[in-house]
Amino acid sequence: MKRTTLLILLFTAFSLLAQDKFKTTAAIVNFEASVPFFEEVKAVNKLGTIVLEPSTSTLICTVVIKDFRFKMDLMQEHFNENYIESHRYPKSVFKGKIEKFDLKDVDGLEKEYDVKGKLYLHGKSKIIEMKALIKRVPEGIQISCNYPISVSDFNIAIPSVVANKISKTANTNLLGVVQNGEEKKYLTLK
C-alpha cells in the first residue's frame, strides 16, 4: 500500500513538473537574404525545436542547420558547405528571457513581448533583442518572432563573386505552437 501511494505521488509530481515546459519539434524557421534583381536566397526549416518555460520566462529555440531547405539543391549545398559550415557547426541555438511574461495573461488575443537573449550561430554568439507575438490557440501556445541576423556578426564569409547577390542581413522568422504533453505536428508554411 505504501509503495502504491508513493508511486502515485511520484507520477503526480512528474506530471506537474512536465507541465512547467511547453515544447514543439515542428517549429518553422525561415530566412531570406535576397537582393533585388538576383536569384531568391530563401530557405525554410520545419523541424525547429522551441521550449517555453513559463516559470522562468525562458524561451529556447534550436535548429539543425542541415534541415534548411532551399528551392535549388546547389544553393543548399553552398549554404551548408561554404557559408554556414554545418559539418563544423551543426546547430543554431537561441536562449533568452521573455520580459514581463506570465502564462496566466496568455489568451486568444495576440500580445507582443520583448525577448532578449543569446544567439549561437556558426561558432559565435551575440546578444539579440526581438519582439515575440504570443497567444493561446486550441493546440497550445503560438509563438511568432521576426529578427534580422547580420552575417558579419557571426563571421559568415560570403565570397566576393556573389557578395552583391546576397544580402548582408538575413531576415529570419520563427513560428511554432508549443504545448504540454504530446505534440501535434500540424503547422504548414504559408
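Me: Which backbone nitrogen lies 3.1 Å from a polar atom of the side chain of T24?
Reply: That nitrogen belongs to A26. Please note that the model is predicted.

Me: Is T24 buried or exposed?
Reply: T24 is buried, since its relative accessible area is 2%, and the cut-off for buried is under 20%. The residue lies in strand β1, which covers residues 22-32.

Me: What does β1 pair with, and how many bridges join them?
Reply: Strand β9 (residues 169-178) is joined to β1 by 5 bridges, and the two run antiparallel. Within this pairing, I28 stands opposite L175 of β9.

Me: And which residue of β8 has L175 as its bridge partner in β9?
Reply: S144 has L175 as its bridge partner. Strand β8 spans residues 140-150 and pairs with β9 in the antiparallel sense over 10 bridges.

Me: Changing topic: how many salt bridges are found in the whole structure?
Reply: The search finds 7. One of them joins the side chains of K131 and D114, at 2.4 Å from N to O. This pair links distant parts of the chain, with K131 in strand β7 (residues 124-137) and D114 in strand β6 (residues 111-121), 17 residues apart.

Me: Where does K126 find its partner?
Reply: K126, in strand β7, is 27 residues from D153, which sits in the loop between β8 and β9. Their closest N and O atoms are 3.7 Å apart.

Me: How accessible are K126 and D153?
Reply: K126 counts as partly exposed at 32% relative accessibility, and D153 is partly exposed with a relative accessible area of 32%.

Notes:
Residues are numbered from 1 along each chain as its sequence is written. This is a predicted model: local features need pLDDT of at least 70, side-chain atom pairs count only at pLDDT 80 or more; totals for chains, interfaces and linings use all residues. Side-chain values use heavy atoms; hydrogens and water are left out. Helices (H or I, at least four residues) and strands (E, at least two) are DSSP runs, numbered from the N terminus. Buried means under 20% relative accessible area, exposed over 50%, partly exposed in between (1.4 Å probe, protein chains only). A polar contact is a pair of N or O atoms within 3.5 Å; within protein, one must be able to donate a hydrogen and the other to accept it, and residues adjacent in sequence count only if both atoms are side-chain atoms. Two strands pair if DSSP finds at least two bridges between them. A salt bridge is a side-chain nitrogen of Lys or Arg within 4 Å of a carboxyl oxygen of Asp or Glu.
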